[in-house]
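I opened this entry to record what I looked up, contact by contact and cavity by cavity. The notes follow in the order I made them.

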There are 2 protein chains.
Amino acid sequence: MAQVQRMSKLMVKTLRDDPADAETLSHKLLVRAGYVRRNAAGIWSWLPLGKKVLDNISRVVREEMDAIGAQEVLLPALLPKEAYEASGRWAEYGDLLFRLKDRKGADYLLGPTHEEIFTQTVKDQCSSYKDLPVMLYQIQTKYRDEARPRSGVLRGREFQMKDSYSFDTTDEGLAESYALHRAAYIKIFNRLGLDHRIVSAVSGAMGGSASEEFLAPAAAGEDTFVDCPNCDYAANTEAVTFKAAVAPADAPGAVEELDTPDTPTIETLAAHLGVPASATLKNLLVKIDGEIVAVGVPGDREVDLGKLGEQLAPAVVELVTAEDFEGRPDLVRGYVGPQGLDKVRYIADPRIAAGTAWITGANKPDTHAKNVVAGRDFEVDDYIDVVVVEEGDPCPNCGTGLKMDRAIEIGHIFQLGRKYADTFQLDVLGQQGKPVRVTMGSYGIGVSRAVAALAEQTADDKGLSWPKEIAPADVHVVAAGKALQTELALSVSEQLNAVGVRVLVDDRPGVSPGVKFTDAELIGVPQILVAGRRSAEGVLELKDRRTGEREELTVEEAIARLTA
Amino acid sequence: MAQVQRMSKLMVKTLRDDPADAETLSHKLLVRAGYVRRNAAGIWSWLPLGKKVLDNISRVVREEMDAIGAQEVLLPALLPKEAYEASGRWAEYGDLLFRLKDRKGADYLLGPTHEEIFTQTVKDQCSSYKDLPVMLYQIQTKYRDEARPRSGVLRGREFQMKDSYSFDTTDEGLAESYALHRAAYIKIFNRLGLDHRIVSAVSGAMGGSASEEFLAPAAAGEDTFVDCPNCDYAANTEAVTFKAAVAPADAPGAVEELDTPDTPTIETLAAHLGVPASATLKNLLVKIDGEIVAVGVPGDREVDLGKLGEQLAPAVVELVTAEDFEGRPDLVRGYVGPQGLDKVRYIADPRIAAGTAWITGANKPDTHAKNVVAGRDFEVDDYIDVVVVEEGDPCPNCGTGLKMDRAIEIGHIFQLGRKYADTFQLDVLGQQGKPVRVTMGSYGIGVSRAVAALAEQTADDKGLSWPKEIAPADVHVVAAGKALQTELALSVSEQLNAVGVRVLVDDRPGVSPGVKFTDAELIGVPQILVAGRRSAEGVLELKDRRTGEREELTVEEAIARLTA
C-alpha cells in the first residue's frame, strides 16, 4: 500500500521568489513549489513532487497506448551513427544532435527521435505480413541540443517523451494506425485535463505526408496557430495555405512608368505615391541551391523564409548578398519588377493571382511601374504560399477572418509513409508471396513538456493547481500547528490513505499555519483539508484549491467526500 | 484492466539457434526468446517481453525503496563536467566515461553514477538538521564505456540502475540508513527469487569506508568471491585480508649464498634446488608514482596488481621496464633479494612475517641466498595483502580453507562518509546552531543486470524459467491449433485475465503445436496451460515450467489453481 507523504520528511523546499532566469509561469512555479531543479541549461532534475506528476502523466499515456494495442519497448538513447547516416539525419540535424565518440573512436549520438532504430527493429523481428500491423512505443529520455533552451521543462535539452511507431503493409492500414493514435491522443489529453486543439502541420525534418499537431493554447507557447471562429479549421501558421486570390473584373490600362526617386523600400514608395502598401508588389531575391530567384508577395506582407524552405526542401534557400548583384545589370536593387525579368525564376504568393494589378519596380533606378498585371505583363513560374500568416487572414475553408493564438505543442502525429522503410529496405513477405514495402507512422507526446503545459493552463496567482488525476496527491492535509491539530491531521491522513486516497500531509513542526496554507496553494493539490481551530471537536475545513470554496466537515464527512 | 497478450499480435520472434557472439546462457536465451535485441556493443533494446520483466523488477525495487522511506526522483543522465571535476572523477574515470560537448563547446558526460549530483541537490534543498535524514533514489539509465562490453545485458554500456543516496548528520544516522538499505536489498533479492550472498567489498573509485556487495552466484559471473564453509565469512576476492603468518619457533642459521646459474624465475630456481616454490621469496619490482619499489610474496603466489593499486590509491602503480634498470646496478634482474636493498622501499605480503626464512635472490647474477629471515636480514617497510587469493586460503575469521565461486554483482552498498560532502561543502545547520557536515551512503542495484542474473540462475536446457513475480505473464496458454482449441484457449485466457491473472496466449494460426510448446518453454512463463486433445470436453493440461509436472484440469479447476 502507498504511504502517507509527510512534508516533515519529504524533500520539498518552497521558495517565495521567482528564480531570476524564469520567464514563463510554469518555470517559475515548478521551481518555487519544489517540483524541479535546474542542473544546466535545458537539463532538469525531477524532485519527489515533480516525479509523481511525471509518473501520473506517463501512466495515463501508457494506459491509452496499451488500450489501442501498442506494445511497450525500451530502446537505447545512445545510438551508433550508422542508421542516422543512412537516413541522412546525421547531417540534417546539424547542431541539434548531441554527438560523441566511444573509447574506440566510433561515432554515436543521443537519440532525438527513433524512426531509424524502430525501423531496424521491425526489419529484424517481422518478416511476414502476418507479423503486421504492429505498433510499438516507449517512454524514454530524448536529447536535442536546442540553441535556446528555456522556459524550464517546456523546452529542455534532455526530456521525457513517449514516441510510438506503426508499421503496416497498406496505406489503409497506416491510415487506421494513425486514426487509432489520433483517438488515443484525444483521450490522453482529455484525461490529463489539457485543453488542446488539433491542427494541420507541416512534417518538417520528419519527412512525411499527413501530419497533425496537438497544441495546448497557452501564452507561454512557442508555437503560433490559427483558428477559424466560424468553421473547424485550425492549423500551425506554417501549414496555412491561402487559396488563390480572385482578380478584379475590370482590367487596368497599360503599364505606366512612375518617377519615384529615393524609394527603394515599400514604406518610402507607398508614402511617395500616397497608396497603401497592399497596392504594391514586393519582390524578394533569394538563392535556391545557388540560383537567384525572385519571390513576389503583396507589399504589406512578409515572406516566411521557413515556410519557403519547408516547401522547397531539400533545396537550400539563402538570402542574396551584395556580391550576387555583380555582373547582373538586370537586377536593380530596390527597383526589381517581375516584368522583363526574363532570366530569373519567379515564385509568387497565391495573392498575386492572374489578372491582379500592382505597382512594382521598373527594373531601373528610381523608377517604378503601375498597372503591372499578373499573367499579362509577367508570368509566375510557381505559386507557393510563402507569406507570414496574419490575424484576420481568410480561413482557407470558409473565408472567415482567422484568429491567431499561441500554444505549446504537446503531441504530433505523422503519416511517414515509406521514407524510412525505403532507407532500410523494410519489406515483409506479402499475402501473394512477394515482398511488400512497409509503410510507417510516427507519433510523439512530450511527457515532461505536458507537465509544463498543464501548469501553464491551470496555475493561478497563488500557485499550481493540478487536475485530480495528475496531482502529486488527492488531498493536502494541513496541521495548523498545535499538538492536537497535528494528531488529528495525521489520523485523518492515515484513514484516507487506508481507503486509497493519496495524501500529502503538512506535519512540519515549527512552521506557521500561514506558511503552510501558502505552500499548500503553491503546491497545488486539488483539495486542501485543514485541521485547525475546531480540531478538538473533530471538525476540519475542506477547501477546493481551484475555486477557493470552503466547508466545515467532520472526519467521517471529509472521508466520504474525498472518496466519492 | 490489463489485456490478454496474444502471441499472434505480440512482437516476439524466437530463434532456434544461439546468436554467434553469445557466450553466456542469459545472453543466448534472452536473445533467442525475443526479450532483447542488440543495437551495438553493450547497447541493447528491450523488446515487449523483456520490457515486462524489466518493469517487474523495477516495481519490486520501487516498492521496497518506498517502504524504507526513500523518495523517488529522476536526475538527468547528461551532466555538466564541473561537478565531476570538483570530485576528481572527471579524470579518475578515464576511458570509462562517455564525454561530449554541446553546441557551445561546453563539456558534458553521461552519468555513470550520481554521487556528485545528489550531493548538489541536497545542498540546494536541505539547510537544517530538521531536513535530514533524507534518502533519495532513482531508477535511471546509466552509461559506462566498458572496455569489453559482453555477456548481453549482464555488462552493458547503457544500462538500467537503481541508485540511492542517504544523507545524515551523524555516523550513527549513516549506519542506520545503511542498515535500512541492506535490509531492503535482502527483501528485494528474495522477492526477485535471486539466490545471493552478501560479501565484504573494497570501495574502489567510489571512495568510502564500509561497503558490501550483493552477489548472485552464477557460472557466467565476472566477479570471484570467497566463501568460508565453516563460518559466515564471505568476501570479494579483492577484499580478502590475510592475517599475518606466524613465524616458526626455531630460528634458521645465517644467510648462505647458493650458486644458482640460469635460474632467473621461481620455476627454474625451485627445480634447480629441489625445493617447493613456497619456500622461495619472489620480489616483484614496480613503480609507485615513478619510484621503484620491491614487492615480496611467497614464490608460489601471484601479486594482484589491482589489489595493490586499490590499496595504494591515489598513487599510480606501474610495472618496471628494462629502461628503469639503467644506472641501477643494485637491481640485478631475476636475482633481487630484500637483504641489502637499502635504497628501495620494500612492501611485503603478511605471509612474509617477521621470523620467517626464505630462499631469495642474492643481488648478484646467478646467485641466490637461503636462510634470509624477515626482520633479521631485511626490514619490511609496509605489510600489504597483495597476493591473488586462492581456493583453500585460510579464512581470516576461522582459518578454515576458503571456497571460491563466480558470481554476478547485483547490488552494492557503501558508507561513503564525508568525501562528497567535503567536496561540495554540504553542511546543514545543526541542533546547536552550528554548521554540521553531512555524511552519505550510496547504494546501487543493477536492474537490467538483475534480468540477466535471474536468467542465469533459473534457466535450464529448454530455455528461460522465471520466478512468478518477475515473469512476463503468470500463465502461457497454448492453443494447440484447431479452431476449437483456439476458441477454448482464448476463452480461458479472457476468464483468467478478468480475475487478474496475467496471460500470454499462443493463438498463432498455422504454427505447429510442437513449435508452440518449444517456444513456451523457451519464453519461460512459470505455468503453461494447453488447450489440446481434450478441448472438446473443456479439459486443459497445466504444466509447471520448472518441474515439468503435468495435470489435466477443467476450465474451472485451472482458474481456481491459477488464482490460488
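**Contact between the chains**

I counted 8 salt bridges between chain B and chain A. The model is predicted, so I read every value here as computed from it.

I asked next which element of chain B gives the largest share of the side that touches chain A. Helix H2 of chain B, residues 48-67, does, with 7 residues. I then sorted that side of chain B by class. I got 30 nonpolar, 9 polar and 19 charged residues.

I looked up one of the pairs by name. Glu72(A) and Lys51(B) join their side chains in a salt bridge, at 3.0 Å from N to O.

I picked another pair, Arg37(B) and Asp124(A). Their side chains form a salt bridge with an N to O distance of 2.7 Å. This pair runs between chains: Arg37(B) sits in strand S2 of chain B, residues 36-40, and Asp124(A) sits in helix H5 of chain A. I noted the background too: side chains of opposite charge can pair when their charged atoms come close.

For the whole structure, over all chains, my search gave 100 salt bridges.

I also counted polar contacts across the two chains. There are 22 residue pairs in polar contact between chain B and chain A, with both residues at pLDDT 80 or more.

How many residues does each chain bring to the contact? I found 58 from chain B and 58 from chain A. The size of an interface is often given as the accessible area lost when the parts come together, so I looked that up as well. Chain B and chain A bury about 4900 Å² between them. Carbon and sulfur atoms hold 54% of that area.

**Cavities**

I searched for cavities of 30 Å³ or more and found 5.

The largest cavity has about 100 Å³ of space. I wrote down its lining. From chain A come Leu74(A), Leu75(A) and Pro76(A). From chain B come Trp44(B), Trp46(B), Val153(B), Gly156(B), Glu158(B), Phe159(B), Gln160(B) and Ser448(B). Both chains therefore take part in this lining, as cavity lining is counted here.

Which strands of chain B each supply at least two residues of this lining? They are S3 (43-46) and S9 (158-168). S9(B) gives the largest share, 3 residues. By class I logged 7 nonpolar, 3 polar and 1 charged.

The second largest cavity has about 70 Å³ of space. Its lining holds Leu154(B), Arg155(B), Ala220(B), Gly221(B), Glu222(B), Asp223(B), Ala407(B), Ile408(B), Glu409(B) and Arg449(B). Strand S22 of chain B, residues 403-417, gives the most, with 3 residues. I sorted this lining into 4 nonpolar, 1 polar and 5 charged residues.

**Backbone checks**

I checked the peptide bonds next. Leu132(A) and Pro133(A) are joined by a cis peptide bond, with omega about -5°. I placed Pro133(A) in the loop between helix H5 (115-125) and strand S8 (134-143) of chain A.

In chain B, the bond from Leu132(B) to Pro133(B) is cis, and its omega is near 0°. Pro133(B) lies in the loop between helix H5 (115-125) and strand S8 (134-143) of chain B.

Last, I looked at phi. Asn363(B) is not a glycine, yet its phi is positive, about 60°. Where does Asn363(B) lie? I found Asn363(B) in strand S19 of chain B, residues 357-364.

Notes. Residues are numbered from 1 along each chain as its sequence is written. Chains are lettered from A and ligands numbered from 1 in the order in which they are written. Side-chain values use heavy atoms; hydrogens and water are left out. On a 1 Å grid over the protein atoms alone, a cavity is a set of points where a 1.4 Å probe fits but cannot get out, and a pocket is an open set with protein on both sides within 12 Å along at least five of seven lines; lining residues have an atom within 4 Å of a point. Grid points are joined across faces, edges and corners, and a volume is the space filled by probe spheres set on the points. Helices (H or I, at least four residues) and strands (E, at least two) are DSSP runs, numbered from the N terminus. Ala, Val, Leu, Ile, Met, Phe, Trp, Tyr, Cys and Pro count as nonpolar, Asp, Glu, Lys and Arg as charged, and the others, Gly among them, as polar. Contact means heavy atoms within 4.5 Å. Buried area is the accessible area (1.4 Å probe) that two parts lose on being put together, summed over both. A salt bridge is a side-chain nitrogen of Lys or Arg within 4 Å of a carboxyl oxygen of Asp or Glu. A polar contact is a pair of N or O atoms within 3.5 Å; within protein, one must be able to donate a hydrogen and the other to accept it, and residues adjacent in sequence count only if both atoms are side-chain atoms.
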